[in-house]
Structures are given as C-alpha cells and as structure tokens.
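Thank you for asking me to look through this model with you. The points below are meant for someone meeting it for the first time, and they go region by region.

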Amino acid sequence: MRFELLGPLNAFSNDAPVNLGGFNQRATAAFLLLHANEVVPTSKLIHALWGYDPPATSRKMVQNAVSGLRKVIERHARPTGAVSLTTSPPGYRLTIEPESFDLGRFRRLVEQGGAELRAGHKEAGLAQLRAALGLWRGPALSDLTEAGIAWPELTAIAGVRLAVFEDCAREALNQNRHHEVLGELQEMAAAEPAGERICGLLMLALYRCGRQHDALAAYQRTRSTLLDDFGLDPGRELRELELAILNQDPALAPDPGPRWSRTVARPSAAHRCSRLGTLAAPGGRARPAYRRGYA
C-alpha cells in the first residue's frame, strides 16, 4: 500500500484506489500517518478528531476507526509488513516505510536537497528540492481541512513547503533564472501576502525582469497586509531592498559570474521557515544588507 497526504488523502494498492472508509476512519488514518512510526496515544487521537469537547463515546469511536483501518490494511498491504497498524499502549502505531507515503518521500528529498546545496552542488540540490515540491497536489489533507480539521502538524508542514520553495527561488535567482521563477513567485506571494521573504524574492525577480514599478507595488501590498493584520512594519531587510530598488542600485543586477560566496553555512530547509542567509564578497567586503536572503 501507499498513501498520499500532500493534497487530498488517498490510498492505493498496486496503483488501484483503496477506500479508507468514513470521515472518522479517514481522519484517524491521516493523523496516524502524520505521526508515522510513532505511538500515538488514544487521548491524542480523540483530541485530534473532536477537540476539547469530545462525545462520551469518543474512545469507542476511535477503537472502531482503528479496527476498520486495520482490516483495510490487512486486506491490501503486502504480507512483508511494510505497512501495519498495531495496538501499542497507550495508543496505536502505524508502521510504514518512508517511501510508501508522499510525506516521507518529501522529507527525504528535502534533506538530500539541502545537503547537496550545502556541499555546493547547486544543480543537484535544486533538482532534489524541485522534486520534493512536485509531490504536492494542493494543501496537505485538503479534503479533511475543508471538513474542519485544523491540526498544528499541517501548519508545520506548510511552513516547510514554503521554506523549500523559497530556497528553490533563491537558488534560481542566484543562477540568473529570474524569468523562469517569476510566475511561481507571484502565485506564492498571493497565497502568502504577509510573507516578507517571499515578497523580497518576488521584488528582486520583478526588478531583474525590468519591472521596477511592479516590484515596488509588491512591497506596498506586503506592507499594507502587515500593517492591517498585525500592526507591523516590514523588517529592515525588506525596507532596504525597497530603497535599493528605488535607487536602482547596481548591486541588484544579476551576477555575471560566480563572484560571491557564502560565509556561513545555511541550516536545512526542513528545520527553517524564514531564517535568512548571509552573503559576502571576495576579500571580506560584505554585500549590502538588503541582499541577504533574496539573492
């Protein structure tokens, strides 16, 4: 069997769709997959399904959902035990190989891509991160979230996805591929209107495409969102980038060659959602601060 979480919840056996059952059974499967290969207490499952006001029969309903899922898995999974659902006090454990569900493959590709980038293998790292992003078919567990599910695990996964996308966009800009990444940046900025790093990447891509006015308009949209929703001004890096675009700073032009080098190692994208890197020029002369995180 294999499962898909990065979009609507799906299950397959030999590429044929598998019916996971009703809402409680599907939600139980999804939560166990989010915590794959861990023991999930019954109380945590109850809270995931019903919050702080569960029905009196919630424990029995979880037991029924697990029993139904176990029958589905036993009917469709290979006898090798690649996927199994067992009772493990104080709850249950879904054992599954990482390659048998898309979230596991996503995490592996992100780790491999981050390692390639840190080793200086830019093309290989970018390819791995692109492959990781290609596994997404929409918001994670979108069918369940439409029904009211709002788990913090989903927010965390969405944050990793955004960080991976930002890393891909930054590497594309480093390689002077601003035309290629512009459309994706515009879509992601529309989905994350308060995202300062994504805004900075979009501004730089627009400016390098000869669209200074649009780059400044992107800044104003993010600034308005931050002020209206949070009462905050953009951070220093984004403000300095706006000023550099206004002044048509030559440092914003695409690099003609590999003149710049990183002075500190960047952490893995899987453990960072918005931390900015630091760039420096040969001979110890630092690039302007507004370049950090955007190119």
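1. Strand β5 (residues 83-88) and strand β6 (residues 91-96) run antiparallel and are joined by six bridges, where two strands are taken to pair if DSSP finds at least two bridges between them. Together β5 and β6 make a hairpin that has two residues between them, and within this pairing L85 stands opposite L94 of β6. Strands here are DSSP runs of E with at least two residues, and helices are runs of H or I with at least four residues, both numbered from the N terminus.

2. Please keep in mind that this is a predicted model, in which local features need pLDDT of at least 70 and side-chain atom pairs count only at pLDDT 80 or more, while totals for chains, interfaces and linings use all residues. Residues are numbered from 1 along each chain as its sequence is written, and side-chain values use heavy atoms, with hydrogens and water left out.

3. Another sheet to look at is an open one of three strands, in the order β1-β2-β3 and with antiparallel pairing. At its edges stand β1 (2-4) and β3 (16-17), each of which has a single partner strand, so that one side of each is left without a neighbour in the sheet. Between β1 and strand β2 (residues 10-13) the antiparallel pairing extends over three bridges. R2 stands opposite F12 in β2, and the charged end of R2 sits over the ring of F12, 4.3 Å from the ring centre; for this, NZ of Lys or CZ of Arg must be within 6 Å of the ring centre and within 35 degrees of the ring normal.

4. How many aromatic pairs does the rule give? The count comes to two, with rings of Phe, Tyr and Trp (its six-membered ring) pairing if their centres lie within 6.5 Å, and with planes under 30 degrees apart called stacked, over 60 edge-to-face and the rest tilted. F31 and W151 form an edge-to-face pair, 5.0 Å from centre to centre and with 75 degrees between the planes. This pair links distant parts of the chain, since F31 lies in helix α1 (residues 23-34) and W151 in the loop between α6 (142-146) and α7 (152-174), 120 residues apart. Both F31 and W151 are buried, a word that means under 20% relative accessible area, as against exposed at over 50% and partly exposed in between (1.4 Å probe, protein chains only).

5. F106 and W136 also form an edge-to-face pair, at 5.6 Å centre to centre and 80 degrees between the planes. F106 belongs to helix α4 (residues 102-118), whereas W136 is in the loop between α5 (122-133) and α6, 30 residues apart. F106 is buried with a relative accessible area of 2%, and W136 is buried with a value of 9%.

6. In helix α11 (residues 236-246), the buried residues are E237, L238, L241, E242, A244 and I245. Seen down the axis of α11, these residues fall within an arc of 165 degrees, so they line one face of the helix; the arc is that of the directions from the helix axis to the C-beta atoms. Their cover includes α9 (196-208) and α10 (212-230), with contact meaning heavy atoms within 4.5 Å. L243, also in α11, counts as partly exposed at 47% relative accessibility.
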